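Please keep the sequence and the three-dimensional view at hand while reading.

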Amino acid sequence: MAAPEIPIDVDPETGIWRTDDLPMVYLPRHFLVNNHRAVEAAMGIEPYRAILRQATEASAVHWCAVQARSLGLDPEQTVRRYFQRLSQRGWGRFEVEHLDAARGQGRIALSASVFALEYGAGAGRPVCYMFEGFMTGAMRHLLGDAGVAVGCEETQCAAQGHDRCRFEFGIGRS
């Protein structure tokens, strides 16, 4: 991938960065992952995972709504743009492998995940669960955010020695 093709508008008075009509923060990967590890250690993985899923799902729904409104995109175009933008902002390289609004399901592969890279291939467990809410929020947008329960599971993780992470999500998944 070449340099990101995302605009960064910096307010000269406040220093606030904006991309895609939203305020942004640029920070080192280790800072994000060190905070992630500290919260895992303090709370435990499952309680933290539940909080992250709820928060990141809400954020994905919000981002998709802003983009659909400001760019006039249909739901599928918006979801695809969401994962393209996440890739361009350094979270990893997201690839939409399957997206089916009629069945309410999807599958996304992720290479170069910030979490898998920082934890390393010997972590022995999936570590990219922060992205599960990204998937469920995007699917909720695709489905019209009709209040349906969407689940997601990281079915493989590069931190377990796989070549990439993979997420399966949709209605009826846990």
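In this predicted model, helix 2 (residues 45-71) and helix 5 (residues 130-142) have axes that come within 7 Å and cross at roughly 40°. Helix 5 also packs with helix 3 (residues 75-88). The points below take the helix contacts in turn and then pass to the strands.

**Helix 2 with helix 5**

- The crossing in which helix 2 passes helix 5 is right-handed.
- On the helix 2 side, the contact is made by Arg49, Leu52, Arg53, Thr56, Glu57, Ala60, Val61, Cys64, Ala65 and Ala68.
- On the helix 5 side, these residues meet Met130, Glu132, Gly133, Phe134, Thr136, Gly137, Ala138, Arg140 and His141.
- By residue class, the contact of helix 2 with helix 5 comprises nine nonpolar, five polar and five charged residues.

**Helix 3 with helix 5**

- The axes of helix 3 and helix 5 lie 8 Å apart, and the two helices pack at an angle of about 160°.
- Since angles over 145 degrees count as roughly antiparallel, helix 3 is roughly antiparallel to helix 5.
- Helix 3 and helix 5 cross in a right-handed sense.
- From helix 3, the residues in contact are Pro75, Glu76, Thr78, Val79, Tyr82, Phe83 and Leu86.
- Their counterparts in helix 5 are Phe134, Met135, Ala138, His141 and Leu142.
- This contact of helix 3 with helix 5 divides into nine nonpolar residues, two polar and one charged.

- Strand 1 is joined to strand 2 (residues 17-19) by two bridges, and the two strands run antiparallel.
- Asp9 has Arg18, in strand 2, as its bridge partner.

**Strands 6 and 7**

- Strand 6 (residues 150-156) is largely enclosed by the rest of the structure, because five of its seven residues are buried.
- Strand 6 runs antiparallel to strand 7 (residues 165-171), and six bridges join the two.
- Gly151 has Gly170, in strand 7, as its bridge partner.

Definitions and conventions:
Residues are numbered from 1 along each chain as its sequence is written. This is a predicted model: local features need pLDDT of at least 70, side-chain atom pairs count only at pLDDT 80 or more; totals for chains, interfaces and linings use all residues. Side-chain values use heavy atoms; hydrogens and water are left out. Two strands pair if DSSP finds at least two bridges between them. Helices (H or I, at least four residues) and strands (E, at least two) are DSSP runs, numbered from the N terminus. Buried means under 20% relative accessible area, exposed over 50%, partly exposed in between (1.4 Å probe, protein chains only). Axes are lines fitted to C-alpha atoms, for helices over the stretch in contact, and angles run from 0 to 180 degrees between N-to-C directions. A crossing is left-handed if the near helix is turned anticlockwise from the far one by less than a right angle, and right-handed if clockwise. Contact means heavy atoms within 4.5 Å. Ala, Val, Leu, Ile, Met, Phe, Trp, Tyr, Cys and Pro count as nonpolar, Asp, Glu, Lys and Arg as charged, and the others, Gly among them, as polar. Angles under 35 degrees count as roughly parallel, over 145 as roughly antiparallel, 65 to 115 as roughly perpendicular and the rest as oblique.
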